[in-house]
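User: I am new to this structure and would like to understand the terms used to describe it. Please set each term against its definition.

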Amino acid sequence: MVRTKYGIPEKRSVFCRLFRMLVRRVLSAFTLSAVVFLSNVSVSRADMPYDTYSYNYWGEEVKEPHSYLYAGMISGKEIGTNLSYPADLFVAEDRLYVADTGNSRILILSMDGMLLKEIGSGKDAADTLKNPQGIFVTGEGHLYVADTGNSRVVEYDENGNYIREIGRPVTTLISDGQEYSPTKVVVDGAGRIYVIAYGINMGLVEFNSEGEFQGFMGATQVSVSMFTYIWKNYFSTQAQQDRMETIIPTEYSNIFVDNESFIYATINNLSAEDRAAGADAVRRLNPTGTDILRRLGQYPVIGDLEGVTFGWNYSSFVDVAATDYGCYFILDETDGKIFAYDYDGISLFVFGRNGIREGNFQKPVSIGLSDDESRIYVLDNTLNSIYVFEITEYGRHLLDAIRLNHMGDAQGSTREWQEVLKLNSNSELAYTGLGKTYLTEGNYKEAMECFELGNSKKYYSKAFSYYRKEVMETYLTGAVIALVVLLFVIWLIRRIVRFRRWVGEVRCYMQKN
Amino acid sequence: MLYAEKLKYVFYVIFHPADGFWDLKRENRGSLSASLTFVVLTVFTLGMEKLNTAFLFNNNRISEVNVLVDVITVLLVFVLWCVANWCTTSLMDGKGRIRDIFTAIGYALFPIILIRLPLVFASFCLTAEEGAFYEIFGFLSYLWTAVLIFMGTMMTHEYSLGKTIFTCMITILGMGIILFIGLLFFNVISEIIVFVSTIYKEVRFR
């Protein structure tokens, strides 16, 4: 169907289309050659090593234009020194920070992968790192490193000078025999330090800005199916119980702090039971540890729906990165996919893949966004390199539309959604977005049409209720008057009929006499 | 009596099920042709509902709805129930002939037409918040039909309440058995066809 109204071009002549295609090809080839800046890889849209898709209303994967293209790889060759099992990546304004775990050091790279600084391999005992697995950089450029092997968190200043260490939390909540190995660390706007530590399942370990232990935050709840509970507690012998795995709360796999100091946390070892019970694989924690992630989408924020439907091949989230306007990108280890969601928890697009082609992951562990989301960096633990993905025109329009809508710029958002529709006329997201702006503008009829195309019943109902009110207000007076007139006419006719019958009777009577 | 009057009699049946179904059979106030008219209308209503309900209340994917399948499903259930009911009741001293059963069940389907057909139009005037009305009326139509089928069975076969409940359960079981045997038969036949055609090919190619 051709819908010029929404900015989709009408059918053009064959030559015109061919010409446009040619121009687009040349342009994309040109931009791509500019994009491929690292290794001499020549890639085009057609042979991207992955598909980009989104989920439609019915939960089906629908292929769509790529939002991000694989643009190259930063590996030992570019850096000048090889990485060894790197575990974490942090992207700051114009720097990449890599936790080079196997080599017990932190590398600071330029955005192109040039080595700028190396931290943690000094001779001084205090600032020597041992298998650091987590890294965080504050707004002032201070570096927090989860020094896993030394059971501590280390802070460095912007020049890489050692400042302090935050050691094992002083508390009776952890038994003395319990190992304390911090793996991930973040610092929020108020300077509070949150740490994920291996083997500690009471939530995030929270320190205040002085480095004093404050408590645990955002512990996950244990969910046990009734069958398991009864079986375990009433029908098993002690010996059997000892051999069963203990049911413990799931641990967080990674954390990310956004610009509003809320903490995104991912969980990757959810059991099938947890998933069936509707457990969430990603959370957004406020400072009290309550999950405030919005889940207004048709489907839960759980990654691949296939895994949920068929009960196998679940996505397992290892890292998350969020934008300033609430969109977040989750990295999945199972299939090497990157899932993008908007601030309502609605799936935007999915791309990426594990495999052996260039641009496929082996074991992705960490994801980072450049400032304006124009690039996504993914760290691979096995290939010891950083993948770079460059945003496309389509992805730009899509994210801009959401950003502008979030900022309250309805007109700008409409413009962007129209651009999205030009590139992908199947986008339910764009129709819904467009409908929302029509709704605020008061074009209820058009809003309804858009929501129907976008399969958004909730908003359709809203638009429809306004539309119905409008129609009622227009026609109600007329309808009431028409009804009254009609009733009067009926009454009149009946009176006339009765009168004539009476006249007839009188005449009949008079004739008789 | 006229066909039209037999159609009109359905309004008495749905509001006075006990009396209505009794007279339907003893006084010959209904007819098989009227009953089959209601069956056709029911099929039409359900098809219409699938295709033409407003976007808000339509959970079907219009592009993938196959009306023929739905028509056959409804007819199959109707015929299966009647046949299974006849099979059970003829073993359990039921007084109804198969003709009576078909007639009664056809009349019992009327609430579906009466409620669900207007609902299709009403769905265009309702928002999601008012959807509860839609749901309730939809549910009511099925409940009413179920009660009518029950009463129809009771009156046609002159059963007591307990015996009717028992018969209805046996009938549902019977429907399952008929389906099972049907599928089995279908499978066996297709196996035989394959077998014969294989032999034929074998012989031809030698």
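**Terms and their grounds**

Analyst: A:Ile108 has A:Lys117 of β7(A) as its bridge partner. The model is predicted, with local features requiring pLDDT of at least 70 and side-chain atom pairs pLDDT 80 or more, while totals for chains, interfaces and linings use all residues. Residues are numbered from 1 along each chain as its sequence is written, and chains are lettered from A and ligands numbered from 1 in the order in which they are written.

User: What makes β6 and β7 of chain A a pair?

Analyst: Strands are DSSP runs of E with at least two residues, numbered from the N terminus. Two strands pair if DSSP finds at least two bridges between them. Strand β6 (residues 105-110) and β7 of chain A share 4 bridges in the antiparallel sense, so they pair by this definition.

User: Why are β4 and β7 of chain A called edge strands?

Analyst: The open sheet of chain A runs β4-β5-β6-β7 with antiparallel pairing. Both β4 (88-91) and β7 (115-119) pair on one side only.

User: How do you know that α9(B) is hardly covered?

Analyst: A residue is buried if 20 or more other C-beta atoms, placed from the backbone, lie within 10 Å of its own; it is exposed if 12 or fewer do, and partly exposed in between. Of the 45 residues of α9(B), 2 are buried. In chain A, 40% of the 513 residues count as buried.

User: Which residues make up the contact between the chains, by number?

Analyst: Chain B gives 5 residues and chain A gives 8 residues, where contact requires C-beta atoms, placed from the backbone, within 7 Å.

Key:
Two residues are in contact if their C-beta atoms, placed from the backbone, lie within 7 Å.
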